[in-house]
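Biologist: Before we discuss any labels, could you show me the model, and then tell me what each label rests on?

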2 protein chains.
Amino acid sequence: MNARETYHHGSLRETLLEAAFETVDSKGVDAVRMRALARAAGVSSAAPFRHFPDRQVLLDAVAARAAEQLDRALDEAAAGCEDALTQFRAMTVAYVRFAAEHPALFELVHSTDAVHGGFLGEVNDERRLKLIALIIEGQNAGLIPETDPELIALTSEALTHGLARMFVDRHPRVRHLSSEDARRLALTATHLLQTGIGLS
Amino acid sequence: MNARETYHHGSLRETLLEAAFETVDSKGVDAVRMRALARAAGVSSAAPFRHFPDRQVLLDAVAARAAEQLDRALDEAAAGCEDALTQFRAMTVAYVRFAAEHPALFELVHSTDAVHGGFLGEVNDERRLKLIALIIEGQNAGLIPETDPELIALTSEALTHGLARMFVDRHPRVRHLSSEDARRLALTATHLLQTGIGLS
DNA sequence: CCCTCATGTAAGCATTGATAACATCGCAAA
DNA sequence: TTTGCGATGTTATCAATGCTTACATGAGGG
């Protein structure tokens, strides 16, 4: 499929999107070059612009796909869990892990440009709402004390996001951690916080 | 000093550095253009390369200056505080505040490229060591229970870094917060965490 | 006083994102 | 089946950018 016989490519948009996604994941956002993508798809350097008005729109599309992947990872992590609290913890771990394994994608999902553009912001919002819902659910089930859920969610998210960011930024203290170490760290840290919130 | 009569500029390096710093702070890293800086300094477009081998080195210099400014902010915040714990909290607030007020500079200080290049990494390390020292000092003074200081520092830093990042990323939940609100949030969040750690 | 070398200039290169004018072809309507 | 139109691809080209090379200038030490 890399070489092409027909004048029309057939699925250029998807091919470009996929290649851009891989490039971001493996080499970072800055490594995404319109001409390189075109060359890889066996197509002229102007062709991509038929499918993406400009580079930023392409990156937005990549960000959207990455957000889907992140959401899926969180859902899968929460799938096997019984109560709201366990789900909450599992999602925290999955979140940090995604950041550790796909730093560039994680960064792109939260990059101001893409988020401010609207649709991605809503996706992120939805993910957050899911977490708040879990907290409220936990409160209703008596698992979490009835403190301000907004504050709990915010603080918890800050801790999670911060841990994730430390992996993205190759923070010295987490740089050489194994995947399992990272998992334990996320659990321990959130546990520490949750002790403060009032969880057992 | 903007217009120049002499063939030699006299302080081109500093002028460029300052202009780049301002540009990063006000318009972001991507807005830094070598030619624009040269034009602003009233100098040919090749001149900057006499002082900075390439753009990245210039950005590294900007990052170093930003790191100094951040360190100064933290020191000033800690200056008036009595015990280690209060210092620790004040520095947390100052850290988040710096991120909120100078998002691009904050990002640059932690950008992987600049950090991985060595010297900036050491600056950041030093800042971290200062925090750990505070924790140990707090433990010695009986203000902080004798739990693993590494873990406490790491978790605390994750929370702080996460809060800071939320401002940088214009996170919806903090986007419309006033400076005072942000201060309170940082305090409340760290308090929540410190409750978990075992602080009063 | 002069001559060296740090610092500046002019010109140009390769690369990049983006656009405009033209080519090809799938597909639906006549 | 034919036609022709809109989606998609091509070629050629632009302006901007980072960076380099070869040359110019002049400040300051010997």
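Modeller: A residue is near a molecule or strand if its C-beta atom, placed from the backbone, lies within 6 Å of it. This is a predicted model, in which local features need pLDDT of at least 70 and side-chain atom pairs count only at pLDDT 80 or more, while totals for chains, interfaces and linings use all residues. Residues are numbered from 1 along each chain as its sequence is written, and chains are lettered from A and ligands numbered from 1 in the order in which they are written.

Biologist: Which residues come nearest to DNA strand D?

Modeller: Of the 23 residues around DNA strand D, those that come nearest are A:H9, A:S44, A:A46, B:A46 and B:D54. Helix α2 (residues 34–40) of chain B supplies the largest share of the surface near DNA strand D, three residues, where a helix is a DSSP run of H or I with at least four residues, and a strand a run of E with at least two, numbered from the N terminus.

Biologist: What makes up the surface near DNA strand D by class?

Modeller: That surface has ten nonpolar, eight polar and five charged residues, where Ala, Val, Leu, Ile, Met, Phe, Trp, Tyr, Cys and Pro count as nonpolar, Asp, Glu, Lys and Arg as charged, and the others, Gly among them, as polar.

Biologist: Why is α1(A) called roughly perpendicular to α3(A)?

Modeller: The axes of α1 (residues 12–27) and α3 (residues 55–79) of chain A come within 9 Å and cross at roughly 75 degrees. Angles of 65 to 115 degrees count as roughly perpendicular, under 35 as roughly parallel, over 145 as roughly antiparallel and the rest as oblique, and therefore α1(A) is roughly perpendicular to α3(A). The axes are lines fitted to C-alpha atoms, for helices over the stretch in contact, and the angles run from 0 to 180 degrees between N-to-C directions.

Biologist: Which residues make the contact of α1(A) with α3(A)?

Modeller: A:L16, A:L17, A:A20, A:F21 and A:V24 of α1(A) make the contact with A:L58, A:A61, A:V62 and A:R65 of α3(A), where contact requires C-beta atoms, placed from the backbone, to lie within 7 Å. By class, the residues of this contact are eight nonpolar, no polar and one charged.

Biologist: What makes α4(B) roughly antiparallel to α7(B)?

Modeller: Helices α4 (residues 84–101) and α7 (residues 119–140) of chain B pack at an angle of about 150 degrees, with their axes 8 Å apart. The angle falls in the range over 145 degrees, so α4(B) is roughly antiparallel to α7(B).

Definitions and conventions:
Two residues are in contact if their C-beta atoms, placed from the backbone, lie within 7 Å.
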